[in-house]
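Please consult the sequence and the structure shown below while reading.

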Amino acid sequence: MPRITPRSPIKASNHFSRLIKSVLDKRHETASHKTYLKTMAEKDKFQEWPIKRNLQEYNDCFSIALQKLRLGRDIPDYLKRRYQRTKEPVIVLDLGGGAGYFLADLKKLFNSQQIPSKLESLSLYDNLSPESQRLIDKKHIISASEQKLTKKYDLIVDVFSAINFEFDSVKKNLILKYAYSLKKGGTLLLAGIYKSPESKNNISAHLRKQGFIAEFIDQIDNPFVNDKKTVLVITRK
Ligand SMILES: C[S@@+](CC[C@H](N)C(=O)[O-])C[C@H]1O[C@@H](n2cnc3c(N)ncnc32)[C@H](O)[C@@H]1O
């Protein structure tokens, strides 16, 4: 019988997982981080969050940013353009997918348009709705800081979830871990990065130095906009 060997994690994912571990160790935060993740998973189990966003609500978070960067009209349009260019199935990871309504809606749309897709959700606890269980191709029940990635993605999206809830000390390496898990031209969309203008400049400058296109964009063209409406878009060149 031929032996099936699981795919090994991609190098960048391993590198940043190690960095995350060493930062936590150095700051003596390893034990409190473990306890924190356990508590968060427990909260998830009892669904202490009432919000379950669908495709429309994810688009509400990112469509202005995608249009400003000329990446597409909205999330499906961005992915459809990639499919037309590459002719490869579009691979998407929802970091902190919750009930999975976003991915389920996306799958139904792509199925109706005959666009091949592989849609994956990552969560601390399996809260996928019955329909999401049926439609989503793969679920990862693990924390973002511990996940070992074995493939690259066209789109990774995080709406007020995994990166937002993580310890501040691991956020930068977590963002880099997922940015390096993008295919060329692939995009990471993040909502919920609350930072001062100065640290936003530092974050985007750091990402640009690493060879990414990185922009914080206000969803609403209004100088008094609530910081919650600012999203970070990272594209791998
Ligand atoms: C409030 S729900 C949001 C779900 C979805 N993004 C939405 O907008 O409807 C938070 C999700 O983030 C996940 N999450 C929180 N911290 C995480 C972490 N460190 N690693 C992975 N997932 C995490 C939870 O398991 C849950 O699925």
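## The nonpolar core

The structure is a predicted model. Its largest nonpolar core comprises 54 residues. Val92, Leu95, Ile156, Ala179 and Val231 have the most contacts inside this core. In soluble globular proteins, nonpolar side chains tend to be buried together.

Ile156 illustrates such contacts. Leaving aside residues up to four places away in sequence, Ile156 touches Leu93, Leu95, Tyr178, Ser181, Leu182 and Leu188.

## Helix α5

Helix α5 covers residues 101–112, twelve residues in total. From its first C-alpha to its last, α5 reaches 17 Å, close to the expected 16 Å. Gln114, which follows α5, has a positive phi, near 55°.

Several residues of α5 are buried, namely Tyr101, Phe102, Leu103, Ala104, Asp105, Leu106, Lys107 and Phe110. The elements that cover them include the helices α3 (55–68), α4 (75–86) and α6 (130–135), together with the strands β1 (90–95) and β2 (117–123).

## Phe212 in strand β6

Phe212 belongs to strand β6, which runs over residues 212–218. Is Phe212 buried or exposed? Phe212 is buried, because 22 other C-beta atoms lie within 10 Å, and a residue counts as buried at 20 or more.

Not counting residues up to four places away in sequence, Phe212 touches Ala179, Leu207, Ile234, Thr235, Arg236 and Lys237. Phe212 and Lys237 are 25 residues apart in sequence, yet their C-alpha atoms are 5.9 Å apart in space.

## Surroundings of the ligand

The ligand is surrounded by 21 residues, of which Arg53, Gly96, Gly98, Leu124 and Ser161 are the closest. At least two residues of this shell come from each of α2 (30–45), β2 and α7 (162–165). Sorted by class, the shell contains eleven nonpolar, six polar and four charged residues.

## Two loop residues with positive phi

His28 is located in the loop between α1 (11–26) and α2. Its phi is positive, near 55°, in a residue other than glycine. His28 is exposed, because 8 other C-beta atoms lie within 10 Å, and a residue with 12 or fewer counts as exposed.

Phe160 occupies the loop between β4 (153–159) and α7. Although Phe160 is not a glycine, its phi is positive, at about 45°. Phe160 counts as partly exposed, because it has 18 C-beta neighbours inside 10 Å.

Definitions and conventions: Residues numbered from 1 in each chain as written. Predicted model: local features only at pLDDT ≥ 70, side-chain atom pairs only at ≥ 80, totals over all residues. Helix = DSSP H or I, 4+ residues; strand = E, 2+ residues; numbered from the N terminus. Contact = placed C-beta atoms within 7 Å. Expected span 1.5 Å × (residues − 1). Near = placed C-beta within 6 Å. Nonpolar A, V, L, I, M, F, W, Y, C, P; charged D, E, K, R; others polar. Core = buried A, V, L, I, M, F, W, Y, C linked by C-beta atoms within 7 Å.
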